[in-house]
Amino acid sequence: MIGLIRHRGPDASGIFISPNAGLAHARLSIIDLSGGDQPIHNEDRSVWIVFNGEIFNYPELREDLVARGHRFYTQTDTEVLVHLYEENGPEMFNDLNGQFAFALWDKNEESLLLGRDRMGIRPLFYYQKNGRLVFGSEVKALFADPTIPRKLDSQTLSDIFTCWTPVGSSTPFEGIYQVPPGHYARLSKKGFSTHRYWKLSFNRQSNEYQSERSLLEWTEELNYLLRDAAKIRLRADVPVGAYLSGGLDSTYTSALVKRNFNNLLRTFSVSFTDSRFDETSFQKIAVKALKTEHRDIRCAEKDIGEAFPQVVWHTEAPILRTAPVPLYQLSKLVRENNFKVVLTGEGADEIFAGYNIFKEDKVRRFWARNPDSRMRPMLLQRLYPYIFTQQNGKAKAFMEAFFRKSLSEIHSPVYSHLLRWQNTSQLKSFFTADLQKKTENQKELRPWPYSPVHLKSVHYAAYILL
């Protein structure tokens, strides 16, 4: 199992075995390089843990635990989790600021605790049957166990080819589940159960209070939170770099680090031979302004095609777009430059509505108030000028018809995405009755039956790991 995910932790490995449990770990050394090999235990070796990720507030937690009498034998954030569990049990998650997935074995209680961070940044998969549980950071590690069945889950595949992602705790593989974000799971003699420890608050009273704040107050708080988030993510015993795409998000985070914490910041970017997607000019402006030590990699269509199968091997699920491939290539560039940690601007477009899909939402809601208007749909030309300015009447008519679908369903909670989900769902036509039958009855995983040419005809790249 640990050999199959060695790429996640090439620096060291360790195994703990007891009569009822076994833990294994492949380490990527970030904190306490010489003394932090896992599994890690408490003072009397009754609690053991394997951990993936980083607890950003571990120095503060450690200081408090030491004051309470806990003794540490490493400088790691991993050991903080062991003693925090001793102190608080499953309530420990309320104190954690970080991105993590871990498994903690309590020998005295003969119980296993699996925990995953609030946003699900770190993966954690498991298979559970008849009081036995197998878990890992990737599904391929679970499949090292020959007793675990290898079958596709047709419902999850349907979800992915509609909503772009598995729904809930499911995975593309039957019987394999993931601990949901913001949840922990426990296995003991009493059985197996999952529990939510965090969710977003939509308290109306709180929202009314926040709405009274001025724009200046919002700006000051956002600036403080971003500075604090960057600062605590720089807690590492290895160099920390940054992705620099040329967009507002990564340029801002790079500037934040460069001007406040690290004057020798190393940045990394990817450029494209296709000028429609290339942002090299913006990257150069940012690098010149920030004066960072910069490295970049150039990506062509051929490179994306050649690396795509390897990326799917890592994602362990169908992916409906090729964007993960350049990011994979960029990660290789980072590693080749001996960096293990980089800051990114991931999530900014979701929070600040940077994607066109959110702008479409506003245009279509405005259009829906007068669906017969000939002028309102023309606002879409501002979003997609390369389609509407080609003097191609068919393309223009097609786009207007496309965006008109479900136009009046403005009360749907997924109105912004509904149109795309309906369109993506058409990919399920590739799942023939023959393939569905194999999905239900197959005893071994077989190759994907369609060539990339078939998929290219509908302008999608959708592969499945089989």
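The entries below cover the helix pair, then the sheet.

I am working from a predicted model, where local features need pLDDT of at least 70, side-chain atom pairs count only at pLDDT 80 or more, and totals for chains, interfaces and linings use all residues. Residues are numbered from 1 along each chain as its sequence is written, and side-chain values use heavy atoms, with hydrogens and water left out.

**Helix pair.** I looked up helix H1 (residues 58–67) and helix H2 (residues 77–88), whose axes come within 10 Å and cross at roughly 45 degrees. Helices (H or I, at least four residues) and strands (E, at least two) are DSSP runs, numbered from the N terminus. Axes are lines fitted to C-alpha atoms, for helices over the stretch in contact, and angles run from 0 to 180 degrees between N-to-C directions. H1 and H2 are therefore oblique to each other; angles under 35 degrees count as roughly parallel, over 145 as roughly antiparallel, 65 to 115 as roughly perpendicular and the rest as oblique.

I then listed the contacts (heavy atoms within 4.5 Å). Tyr58, Leu61, Arg62 and Leu65 of H1 meet Asp77, Val80, His83, Leu84 and Glu87 of H2.

**Sheet.** I found four strands in an open sheet with parallel pairing, ordered E14-E13-E12-E15; strands pair if DSSP finds at least two bridges between them. At the edges are strand E14 (293–299) and strand E15 (341–343), each pairing on one side only. The twist averages 30 degrees from one strand to the next. Helix H10 (residues 324–336) packs on the sheet and touches E12, E13, E14 and E15.
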